[in-house]
Amino acid sequence: MNPYNIPDNAIITVAGTVGVGKSTLTGALAKRLNFQTSLEQVDHNPYLEKFYHDFERWSFHLQIYFLAERFKEQKKMFEMGGGFVQDRSIYEDTGIFAKMHADQGTMSKTDYETYTSLYEAMVMTPYFPHPDVLIYIEGSLPSILARINERGREMEIQTDVSYWEHMHGRYSKWINEFTACPVLRLNIDDYDVNDSASMADILTKVGNTIRKPVDTI
Ligand SMILES: Nc1ncnc2c1ncn2[C@@H]1O[C@H](COP(=O)(O)OP(=O)(O)O)[C@@H](O)[C@H]1O
Ligand SMILES: Nc1ncnc2c1ncn2[C@H]1C[C@H](O)[C@@H](COP(=O)(O)O)O1
């Protein structure tokens with residue numbers, strides 16, 4: 001056990017919109033806890049760039065790809081007995097991305113139904129283990145857009161700002177209704193990954209959130 005009373009076998013998932021700082025926080029938390037990371041592999045994704053150029057053509061392929069990748073990671077974390085910080089949850093794939101593209105008509109109704117039935121068969125079962133805590137990172141849209149630009153993935157920079165604005169709004173609603181596991185909300189203006197006291201404060205809150213009795217969450 002660490003000073004924050006976070007169990008050594010815990011699974012901590014970091015959620016939030018694109019560019020908000022998930023990967024950065026994932027790495028920083030894992031380093032301090034001596035946990036492993038489960039990271040999203042953007043560079044080796046065979047559909048992502050094509051998807052940004054043509055949502056309608058590639059939405060379904062990309063969602064199936066992410067679902068498979070996320071499920072393999074989930075399986076690996078549980079088989080290894082936990083001790084992981086995960087960059088993005090499987091819940092965001094369906095609750096944010098797939099739903100958003102289906103609602104906007106850039107994923108067909110049939111494709112969305114096929115995707116949803118596969119997701120439910122894999123995830124919505126009593127046998128699917130949920131993370132111990134989901135850290136939700138939030139921030140203002142201008143700050144997040146600045147981070148997307150600063151990171152410099154051309155496919156994201158070229159995407160219309162309305163896409164990020166719409167996603168930002170969906171995330172705010174989604175997290176208010178999220179119940180699959182305990183949630184710790186963090187605002188990007190309230191922490192600094194390079195500051196030890198700030199990171200210790202987050203880890204204390206993570207430990208407290210994990211130990212909070214279920215009926216108070
Ligand atoms: N706490 C922070 N303060 C300042 N910049 C940050 C912070 N966290 C992330 N960034 C920067 O914002 C950009 C997006 O961060 P990243 O962790 O890749 O986001 P995500 O994984 O949510 O898409 C990167 O350029 C990163 O260096
Ligand atoms: N399920 C998804 N559908 C569409 N696009 C997705 C999905 N999951 C991640 N993405 C995209 C968004 C970003 O361009 C990259 C990486 O996400 P990030 O939030 O920067 O870690 O993949």
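This report describes the two ligands of a predicted model and the residues around them.

## Basis of the model

Because the model is predicted, local features need pLDDT of at least 70 and side-chain atom pairs count only at pLDDT 80 or more, while totals for chains, interfaces and linings use all residues. Residues are numbered from 1 along each chain as its sequence is written, chains are lettered from A and ligands numbered from 1 in the order in which they are written, and side-chain values use heavy atoms, with hydrogens and water left out.

## Annotated domain

An unreviewed UniProt entry lists residues 12-209 as "domain: Deoxynucleoside kinase", an annotation that may be inferred rather than shown by experiment. Over residues 12-209 the chain is 60% helix and 11% strand, where helices (H or I, at least four residues) and strands (E, at least two) are DSSP runs numbered from the N terminus. The end C-alpha atoms of this stretch are 11 Å apart.

## Ligand 2

Ligand 2 is surrounded by 17 residues, of which K22, E40, Y52, Q63 and E156 are the closest; a residue counts as near if one of its heavy atoms lies within 4 Å. By class, this shell holds eight nonpolar, one polar and eight charged residues, with Ala, Val, Leu, Ile, Met, Phe, Trp, Tyr, Cys and Pro taken as nonpolar, Asp, Glu, Lys and Arg as charged, and the others, Gly among them, as polar. Helices α2 (48-53), α3 (55-79) and α4 (90-104) each supply at least two residues of the shell, and the largest share, four residues, comes from α3.

Among the polar contacts (pairs of N or O atoms within 3.5 Å), a polar side-chain atom of Y52 lies 2.6 Å from an oxygen atom of ligand 2, and a side-chain N or O atom of Q63 is 2.6 Å from a nitrogen atom of ligand 2. A polar side-chain atom of R153 lies 3.0 Å from an oxygen atom of ligand 2. Taken alone, ligand 2 exposes 480 Å², and the protein buries 99% of that, as computed by the Shrake-Rupley method with a 1.4 Å probe.

## Ligand 1

The residues around ligand 1 are T17, V18, G19, V20, G21, K22, S23, T24, R147, E150, R151 and Y191, which by class are three nonpolar, five polar and four charged. Helices α1 (22-33) and α6 (141-151) each supply at least two residues of this shell.

An N or O atom in the side chain of R151 is 2.6 Å from an oxygen atom of ligand 1. Taken alone, ligand 1 exposes 550 Å², of which the protein buries 77%.

Notes: A polar contact is a pair of N or O atoms within 3.5 Å; within protein, one must be able to donate a hydrogen and the other to accept it, and residues adjacent in sequence count only if both atoms are side-chain atoms.
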